[in-house]
Each structure stands twice: as structure tokens, then as C-alpha cells.
Amino acid sequence: MLTRATKRLRSHGPEPSPTPHDKPLTKENLSARRNVKTPAPQELGCMQLDLSPTRLQLWETEEKQKKHPQDCDVWDKCEPSTAPHYAEDIHQWNIDLEASSATSPYMDMQSDINDKMRAILVDWLVEVHWRFKLCPTCLHRCVYLVDRYCAGSQVERTKLQLIGVTALLMASKFDDVYPPEVRDLSFITDHAYSTDEILTMEIDMLSFLEFNVNAPTADVFLNRFLRVAGVIPATRCCHRAMYYLERCLQEHHMLEFPPSLIASAALYLSMKRERQTSRGGAVTRGIWTPTLRAYTKYALREVNLCANEILDVVNTKSSPLSTRRNLHAVEQKFKSNKFSQVSEEPPISL
């Protein structure tokens with residue numbers, strides 16, 4: 001017996017004629033199946049399906065990354081030298097220490113030295129550091145020790161180079177395996193200071209600093225952020241970010257920004273230059289990902305503020321009124337093939 005539903009369906013009219021797809025597959029209707037015309041989207045009264053990522057999908061991806069940032073240490077679980085299980089705790093400790101150890105601009109309180117003398121000293125320290133083949137962190141710590149000592153005491157201009165070479169000795173003892181000998185440092189100053197003067201200044205600086213020479217520098221944060229961004233070490237993108245950091249060392253006004261922000265801005269500018277070069281100069285978005293924001297603790301607006309200051313430093317080669325007059329040690333250093341000749345790149349703009 002037919003059910004009520006079946007009777008109701010049959011009462012609406014005759015059954016439609018079968019299509020080639022409804023018939024059993026035979027040699028006769030095989031060609032008919034192949035010749036069936038696919039209706040156009042306009043005929044169906046609907047839009048064609050777009051398989052490319054939509055704005056909604058991108059927004060959902062960004063929101064998911066904000067709630068669950070990508071674990072940048074997941075690939076280092078089998079590499080004990082990187083300490084992946086403690087990497088995040090170490091990074092957080094550096095952020096907390098940065099707030100208490102940061103140095104602000106101090107030239108207003110100095111009566112015998114100025115920012116130009118500081119820039120000349122840092123330029124000379126870059127050459128000495130390069131000649132002794134010390135690690136990059138040693139240079140950043142050396143400049144940090146100079147600023148920290150000068151920020152808390154009056155310095156005579158005749159003692160400024162002595163403070164710089166002593167800070168280099170202290171930083172090399174802390175970061176390098178084979179620090180230079182004191183007699184070599186005395187020789188590099190053209191014997192302007194004896195070994196006894198350098199050792200006496202070392203005792204004076206350590207006493208003033210209370211033997212606390214450890215502080216997170218911009219180089220330390222950059223190494224962490226490069227890993228977060230997935231930038232391969234010793235590549236052009238990495239060398240460019242290092243170049244931006246060392247150019248900022250000479251500028252006294254850059255002390256207004258914390259080292260972690262300077263490292264974030266340097267990485268952002270380097271990645272932007274890399275993206276523009278690979279895509280034919282097109283301005284691209286999405287460089288500052290939610291993962292980078294979660295690890296650096298900086299929004300893109302804050303990064304752009306510091307990035308503009310870095311661009312003013314990097315894009316200005318020389319100027320009569322600039323502190324960078326005839327100071328080209330960093331540029332000459334990064335012109336070498338070891339650093340991918342990044343200092344010869346054309347100026348970049350945001």
C-alpha cells in the first residue's frame with residue numbers, strides 16, 4: 001500500500017523524465033553524460049565559489065593566533081643548547097630586568113662632554129671591537145656600560161676614551177671566551193692610557209655599578225625575535241637588522257626607547273625590506289603577525305614610532321649638523337661580504 005506521503009508526492013504531477021545521469025551506465029548514454037552542459041553560475045542565480053582566503057577567514061586566523069600564539073620553540077625541543085624549555089622564562093626575565101636597568105638620555109647633566117663626543121667614542125669602539133673579533137653582544141654591552149656609568153657621574157672629556165676601553169674590557173670578560181689583554185687595549189689607545197689606569201678605572205666602574213654588569217641589550221632581544229619570526233641566522237634579513245641596531249648605538253637620543261623596542265623595530269624594518277625586495281617593491285601587509293606581537297609585547301603602532309627614528313638614522317649618510325659626521329665605522333663593517341653588504345642598500349621608507 002502506498003503511504004500518504006507517497007500519494008501526496010504523486011498528486012503534484014507526473015514524474016520528471018530521467019536525465020542521462022539517472023539512467024544506468026551503458027555505451028549508448030556514456031557519450032550523453034559527457035556532453036551534459038554544466039550550468040553557468042548566472043543561470044543558477046548564485047555567485048561562483050571563491051576558494052581563495054577571504055577576509056573573514058584571515059580575520060578568524062588572526063583571532064586564533066591572538067588567543068593561541070604559535071610556539072616558536074617547538075622546533076628546538078631536541079636541541080639542548082637553545083634551552084627551549086626555559087626560553088620563554090628567560091625572555092620574560094629579560095623583559096622584567098629591562099625595566100629596572102634601562103638608561104635614559106643623560107647629556108643634559110654633563111658639563112664637559114656632549115652627544116657628539118659619545119658618537120665619536122662609539123664609532124671608535126666599533127672599530128676596536130671588529131679588530132679584536134669579539135661577539136656582537138659584547139659591543140652592545142660595552143656601550144650600555146658606558147652609558148650607565150656616564151648617567152650617574154660627571155665625566156671629563158679626557159677620561160671618556162678611558163671609560164670606553166675599560167667598558168670594552170669588562171664586556172669582553174662577561175660575554176667572550178678570550179677577552180683581549182689589558183696591554184693590547186693600552187696599545188690600541190696609542191698608549192694614551194697605561195695598563196694601571198685601565199685597571200684602576202675598571203675597579204672604579206665596577207664599584208659604581210655594584211658589580212652588576214648584566215642587562216638585556218637590544219642584541220639579546222633581537223636574537224629572540226629572529227627566532228620567533230622564523231628568520232634564518234646569518235642571512236641578509238638577519239644582517240640588516242643587526243646593521244640597524246649598531247647604527248642606533250651612536251645616537252644618544254635613541255636611549256629614549258627600550259632595547260626590546262629598538263630590536264622589534266629593527267626586525268620589522270628588515271623584514272619589510274626583504275618582503276619588498278622579493279615582491280618587486282610592492283608594499284605588503286601582515287609582517288607584524290599576532291605571534292610577533294605576543295612575544296615582543298609591542299603593537300604595530302609602537303613599533304612604527306621607533307622605526308621612524310631608525311630610518312632617520314640609517315637614511316642620513318652624512319650631514320654637517322649631524323652627529324654622524326665622518327663616522328662610518330658601522331657602514332664600513334657591514335659593507336663586507338660577511339654581512340651581505342647590507343649597508344650599501346638604497347634607503348627604505350615606511
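This is a predicted model: local features need pLDDT of at least 70, side-chain atom pairs count only at pLDDT 80 or more; totals for chains, interfaces and linings use all residues.
Two packed helices are described by the angle between their axes and the distance between the axes. For α8 (residues 160–175) and α10 (residues 195–208), the angle is about 70 degrees and the axes lie 9 Å apart.

On the α8 side, the contact involves Leu162, Ile163, Val165, Thr166, Ala167, Leu169, Met170 and Lys173. Their partners in α10 are Glu197, Ile198, Met201, Glu202, Met205 and Leu206. Sorted by class, the contact comprises 10 nonpolar, 1 polar and 3 charged residues.

Helix α8 consists of 16 residues and spans 22 Å from its first C-alpha to its last, close to the 22 Å expected at 1.5 Å a residue. Of the 16 residues, 12 are buried, so α8 is largely enclosed by the rest of the structure. Among the buried residues are Leu160, Gly164, Leu168, Ala171 and Ser172. Besides α10, the buried residues of α8 pack against α6 (115–132), α7 (136–150) and α9 (182–188).

The count of disulfides is 0. A disulfide is a covalent bond between the sulfur atoms of two cysteines. The sulfur of Cys237 has its closest cysteine sulfur in Cys238, at 7.6 Å, which is too far for a bond, because a disulfide requires the two sulfur atoms to be within 2.5 Å. Cys237 is buried, with a relative accessible area of 8%, and Cys238 is buried as well, at 7%.

Definitions and conventions:
Residues are numbered from 1 along each chain as its sequence is written. Side-chain values use heavy atoms; hydrogens and water are left out. Axes are lines fitted to C-alpha atoms, for helices over the stretch in contact, and angles run from 0 to 180 degrees between N-to-C directions. Helices (H or I, at least four residues) and strands (E, at least two) are DSSP runs, numbered from the N terminus. Contact means heavy atoms within 4.5 Å. Ala, Val, Leu, Ile, Met, Phe, Trp, Tyr, Cys and Pro count as nonpolar, Asp, Glu, Lys and Arg as charged, and the others, Gly among them, as polar. Buried means under 20% relative accessible area, exposed over 50%, partly exposed in between (1.4 Å probe, protein chains only). The expected span of a helix is 1.5 Å times one less than its number of residues.
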